[in-house]
Amino acid sequence: MIKVLTLNNISSIGLNKLPRDNYKISSKMSNPDVVLVRSAKMYDMEINDNLKVVGRAGAGVNNIPLDKMSNKGVVVFNAPGANANAVKELVISSMLLASRNICQAWYYVNCLSLDNLKTAIEEGKKKYAGSELPSKTLGIVGLGAIGVKIANAAHALGMNVIGFDPLITIKSAWKLSSGVEQVLSIDELFSRSNFVSFHVPLVENTKNLLNKERIALLPEDATILNFARDGIVNEEALMIALNNGKVKYYVTDFPIDDKKDHDRVIALPHLGASTVEAEDNCAIMVVNQIRDYLENGNITNSVNFPEVLMPRAGKNRLAITHKNIPNMVGQISTTIADTSANIIDMLNKSKNNIAYTLVDLEHEIPVSIVDNLKQVKGILTVRGL
């Protein structure tokens, strides 16, 4: 029985993809084989030797100690793109909130007394006249699953869309509308954009990506949208720009202090992926990936291990996590050959200092193979499937 620990509420539609005759699911259990998590922080969590997989039902993995997991041979999966439509809709609606001054207008009406309401509305509405999105330029930093969807939707609304992503994948490039222009530098993007939307992870290179110097490059009355991570925008510098009128609005999904009270800040309570559909999609994607790994050894959408997909051949399969060091494949092959087992197929891939090897054998896996492989220096885990 495979034990699955849930650290947050995970969509039941996703959990139902795990057959209960093979998987036991609980929010309280010791020595789990699998951990499913959304926002719970795992840095102080004790990692038992039985743990094989962590599944993040979402994209960001800042709450998971990746180095610790890698060193124990624990594969960490996420669900990139499963919540992309939810974030796309929120970004598009946020541009509309800002361009039409909707939040301020709503507040104005709700503060009016009922006496002479109609007259007050007509007299006050001119203070909230806005502008339309077509012909405005949206700059998108990060053209992954979310950034591409936003770019295509904004282009369909008649906006000029430019994007910056030096690491764009072929998969994302194929999905990007031909009308979206890629710029050569992030500074060029800031200098041309009426709206800037961030869709990159928070790492050392993206911390304070929008700073005092880059704010100075923005056109007057630009709007900044942060639905990526807290820390990407230098909010102290941005507040100065809001106060002096350089920036019109800051829309953020990550309010952290009293800056949320600024009359040019539209602060939302981390709603990016908070739709029923997104939560279902994330859970389904990550659960399917975990099942394929546990049952077939395949790895798709892991953040710490390489992608490894190999059709089944032979009688049984060995799944081996190990350090990416010289002669590992040779030692694995020799150890298997010493038991007279015959290899039908074999695949080895690496990612940074971690590697993963799948081996299909002609006959049943002798117990001695697993035991002997575990003794090889550099091998982290061995599973027979």
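A term to start with: buried means under 20% relative accessible area, exposed means over 50%, and partly exposed is in between, with a 1.4 Å probe and protein chains only. Serine 99 counts as buried because its relative accessibility is 3%.

Two sentences on where the numbers come from. This is a predicted model, in which local features need pLDDT of at least 70 and side-chain atom pairs count only at pLDDT 80 or more, while totals for chains, interfaces and linings use all residues. Residues are numbered from 1 along each chain as its sequence is written, and side-chain values use heavy atoms, with hydrogens and water left out.

Back to serine 99, which sits in helix 3, residues 84-99. Helices here are DSSP runs of H or I with at least four residues, strands are runs of E with at least two, and both are numbered from the N terminus. What does serine 99 touch, leaving aside its neighbours within four places in sequence? It is in contact with Gly130, Ser131, Leu133, Phe195 and Lys248, where contact means heavy atoms within 4.5 Å.

Phe195 takes us to strand 9, residues 195-198. This strand is covered on both faces: Phe195 and Ser197 are buried on one side, Val196 and Phe198 on the other. Strands count as paired if DSSP finds at least two bridges between them. Strand 9 pairs with strand 6, residues 137-141, in the parallel sense over four bridges, and valine 141 stands opposite phenylalanine 198. Strand 10, residues 222-226, also runs parallel to strand 9, joined by four bridges; there, isoleucine 224 stands opposite valine 196.

Now the annotation. UniProt, in an unreviewed entry, places "domain: D-isomer specific 2-hydroxyacid dehydrogenase NAD-binding" at residues 94-272. Such annotations may be inferred rather than shown by experiment; feature names are shortened, and positions are in the numbering used here. In the model, residues 94-272 are 34% helix and 17% strand, with end C-alpha atoms 11 Å apart.

Last, the whole chain. The protein chain holds 13 helices and 16 strands, and its C-alpha trace spans about 90 × 45 × 35 Å along the principal axes. Of its 385 residues, 46% count as buried. Among contacts between residues at least 6 apart in sequence, 64% join residues at least 24 apart.

That is the tour; I will take questions.
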